[in-house]
Amino acid sequence: MVPLEARLLLCSTPAGFPSPAADDLDEPIDLGQWLIEHPAASYVMRVDGCSMTGAGIGDGDLIVVNRAKKARAGHIVVALVHGDRTLKRLKRAGDRLWLIAEAEGYEAIIVDENVEIWGVVVGLARRY
């Protein structure tokens, strides 16, 4: 795949009140390189479903998943549950780990011998 470069403005964009635009441009940015820290251990996946809308991840979004990063409580992860992929937040309750959806209507999943944490979500891309 050919890297996609876009021009990067040297200024940040406030999400509050408008401010004058700056004319200075920085070097081009390769979005793939910026989003993917470990290319050999990373995958881009399309999200199918709405269980993570509370975390800002919606149906059709693209997530960057890093298999080299160690999953910790609080991370959003891709897990295999009985061989099926799912996207959930990893949480600790007492001495147990759980996969928790960030939307109503989804059951919590205990992390046991039937669950494999496949990778950690490290990036998100969305088109409007």
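**Contacts, sheet and salt bridges**

Author: Leaving aside neighbours within four places in sequence, Ile63 is in contact with Tyr43, Val44, Met45, Val47, Ile57, Val78, Leu87, Val121, Gly123 and Leu124, where contact means heavy atoms within 4.5 Å. This is a predicted model, in which local features need pLDDT of at least 70 and side-chain atom pairs count only at pLDDT 80 or more, while totals for chains, interfaces and linings use all residues. Residues are numbered from 1 along each chain as its sequence is written, and side-chain values use heavy atoms, with hydrogens and water left out.

Reader: Which residues make up the largest nonpolar core?

Author: A nonpolar core is a set of buried Ala, Val, Leu, Ile, Met, Phe, Trp, Tyr and Cys residues joined through side-chain atoms within 4.5 Å; buried means under 20% relative accessible area, exposed over 50%, and partly exposed in between, with a 1.4 Å probe and protein chains only. Here the largest such core has 12 residues, including Met45, Ile57, Ile63, Val78, Leu87 and Val121. Two or more residues come from each of β4 (62–66), β5 (76–81) and β9 (115–125), and β5 gives the most, with 3 residues.

Reader: In what order do the strands of the sheet lie?

Author: Strands of a sheet pair through backbone hydrogen bonds, either parallel or antiparallel. Strands are DSSP runs of E of at least two residues, helices runs of H or I of at least four, both numbered from the N terminus, and two strands pair if DSSP finds at least two bridges between them. In this model 7 strands form an open sheet, ordered β3-β4-β9-β5-β6-β7-β8, with antiparallel pairing. Because β3 (42–46) and β8 (109–110) stand at the edges with a single partner strand each, one side of each is left without a neighbour in the sheet. β4 is joined to β9 by 5 bridges, with Ile63 opposite Leu124, and 5 bridges also join β5 to β9, with Val78 opposite Gly119.

Reader: How many salt bridges are counted?

Author: A salt bridge is a side-chain nitrogen of Lys or Arg within 4 Å of a carboxyl oxygen of Asp or Glu, and the count comes to 3. Arg126 forms one with Asp61, the closest N and O atoms being 2.6 Å apart; this pair links the segment after β9 to the loop between β3 and β4, 65 residues apart. Arg126 is partly exposed at 37% relative accessibility, whereas Asp61, at 5%, is buried.
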